[in-house]
Amino acid sequence: MVKIITVYGGMLLTAMGRTLLLALLGLFFACILGIVFGIMGVVKNKILNIISQIFVDVIRGVPMIVLAFFIYFGIPYLFNTIIGGYSFTFSALQAGTICLALNCGAYMTEIIRAGILSVDEGQMEAARSLGLTYGMAMRKVVLPQAIKTMIPTFINQFIITLKDTSILSVIGFPELVNTAKNVQANTFMSFQTWAIVGIMYLIVITILSRSAKVLERRLNVGR
Amino acid sequence: MADNREIKVSVKNLKKDFGDLQVLKDINTDIYKGEVVCIIGPSGSGKSTFLRCLNKLEEVSGGQVIIDGHDIVDKNTNINKVRENIGMVFQHFNLFNNLNIMDNLTLAPVQLKKCSKEEAVERGQNMLKKVGLEDKAGNYPNQLSGGQKQRVAIARALCMQPDIMLFDEPTSALDPEMVGEVLQVMKDLANEGMTMVIVTHEMGFAREVADRVIFMDGGFIVEEGTPQEVLLNPKAQRTIDFLNKVL
Ligand SMILES: Nc1ncnc2c1ncn2[C@@H]1O[C@H](COP(=O)(O)OP(=O)(O)O)[C@@H](O)[C@H]1O
Ligand SMILES: [Mg+2]
């Protein structure tokens, strides 16, 4: 145990850093996807509603590990071999970010759509009746109220995304689980290695969910 | 009706359906500057839908709605510009819950660049005074009573300095003891010469304040005229039946 910490501690911490980086990158792009597809899901336009729904259904209907392999191996194969004439690859970080962004983006779409729908329709109508545009009403009246209801689910989604990064060890991105596999292979100390990795996740996630609670309370008090 | 008066709202052959349900069948009427029109009728007769067609909160299915010469059914008309001149007061107030009372009043004038922030606040204070709530500027909607919320909603609409005010059952969601304070604000507004279209079940108010009463049923205007005519000497059997039920 002590040997793992002294010899491999730095390596595992760096890997934790990469895990966090991947989660943050994924979450950032997921938010953009979520806002775009979420709003497409609530506007009065059947075609946009359907596009938003298809995005959510497709991503939710495919396991993330399959999505990861598809993006990392499948898409370059499509360009390089099936279509031919391209030499095109993703780095593991790029593929991992795309994969997380799509996966988490589908859930963010649902969170944002539900958040907007939870705001009483009368708020939008009152704003529009004063002459405000749809965009102004959304920004100044509806979204601020929607975001307040979304915060707990949003933080929850961040935690899920952080855990999901471990799936991306399969495409060789040296995040925490991938790195820990190497440590185990070198030391044969399975119990100790995975106990340490588990505790590392536990600490980071606990800190996250605690600060989420504090943030939530502050927002409720401050209105 | 003297015909030299200015027409503010002209409705011709207005039709509205929700899918297979025909809610407004053929509505024709003109509303004059300074006129106070009360719309009465049984629940589900299309009163709210009619009112919401006047500022295009509902997409119209047929006919014309002309506000100050602008046909709002026409896709080329900038509906937001037309709405700036039409205030609307809702049954459930619909104050912006994320904003305090002053911000509720100033949001639209400032966003739409009607005036500077300072002017908007000053106007907001005047409007709050007018509805008797000058001490509530810093409160949030959930800290007010229903009657106070509705008075703020009226003040919010007035801050855009509209020519026309629409009211959809403004007192129906209020406890009885708060109805009077809201009706008083509306009476003051009527006395100042505001053009008003009011869907209401307050027959006493309609009799006292309305220039004209419209009785709607089944998506049609069944009968219209002075309060004296419609409320005291109704001609149509459906009006008589309705008034017998509510009075
Ligand atoms: N958005 C809507 N979708 C479908 N039907 C509606 C909608 N709004 C109103 N209706 C229907 O239209 C009819 C008239 O409604 P409304 O105008 O609210 O009547 P009133 O205000 O006179 O009570 C009712 O049958 C109602 O169910
Ligand atoms: Mg109604």
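The structure is a predicted model, in which local features need pLDDT of at least 70 and side-chain atom pairs count only at pLDDT 80 or more, while totals for chains, interfaces and linings use all residues. Residues are numbered from 1 along each chain as its sequence is written, chains are lettered from A and ligands numbered from 1 in the order in which they are written, and side-chain values use heavy atoms, with hydrogens and water left out.

**Chain A as a whole**

- Chain A has 8 helices and 0 strands, where helices (H or I, at least four residues) and strands (E, at least two) are DSSP runs numbered from the N terminus.
- The C-alpha atoms of chain A fill a box of roughly 70 × 55 × 25 Å along the principal axes, and 44% of its 223 residues are buried, a term for under 20% relative accessible area, with exposed meaning over 50% and partly exposed in between (1.4 Å probe, protein chains only).
- Of the contacts in chain A (heavy atoms within 4.5 Å) between residues at least 6 apart in sequence, 74% join residues at least 24 apart.

- T109(A) belongs to helix 4 of chain A, which covers residues 92–118, and T109(A) is buried, with a relative accessible area of 0%.
- Apart from neighbours within four places in sequence, T109(A) is in contact with L33(A), G34(A), F37(A), G38(A), S52(A), F55(A) and V56(A).

**Where chains A and B meet**

- On the two sides of the interface, 19 residues of chain A are in contact with 23 residues of chain B.
- The two chains bury about 1900 Å² between them, 54% of it given by carbon and sulfur atoms; buried area here is the accessible area (1.4 Å probe) that two parts lose on being put together, summed over both.
- F96(B), N98(B) and Q111(B) supply 27% of the area that chain B buries against chain A, more than any other three residues.
- Between chain B and chain A the count is 1 salt bridge, that is, a side-chain nitrogen of Lys or Arg within 4 Å of a carboxyl oxygen of Asp or Glu, and the side chains of E125(A) and R52(B) meet in a salt bridge at 2.8 Å, N to O.

**Helix 1 of chain B**

- Helix 1 of chain B (residues 47–54) is largely enclosed by the rest of the structure, because 7 of its 8 residues are buried, R52(B) being one of them.
- After helix 1 of chain B comes K56(B), whose phi is positive, near 60°.

**Salt bridges within the chains**

- Over all chains the structure holds 17 salt bridges, and in chain A a network of them links R60(A), E110(A) and R113(A).
- E35(B) and R212(B) form a salt bridge with their closest N and O atoms 2.8 Å apart; E35(B) lies in the loop between strand 2 and strand 3 of chain B and R212(B) in strand 9, so the pair links distant parts of the chain, 177 residues apart, and both residues are buried.
- E181(B) and R151(B) form a salt bridge with the closest N and O atoms 2.9 Å apart, and because E181(B) lies in helix 6 and R151(B) in helix 5 of chain B, the pair ties together parts that are 30 residues apart in sequence.
- Within that pair, E181(B) is partly exposed at a relative accessible area of 27%, whereas R151(B) counts as buried at 11% relative accessibility.
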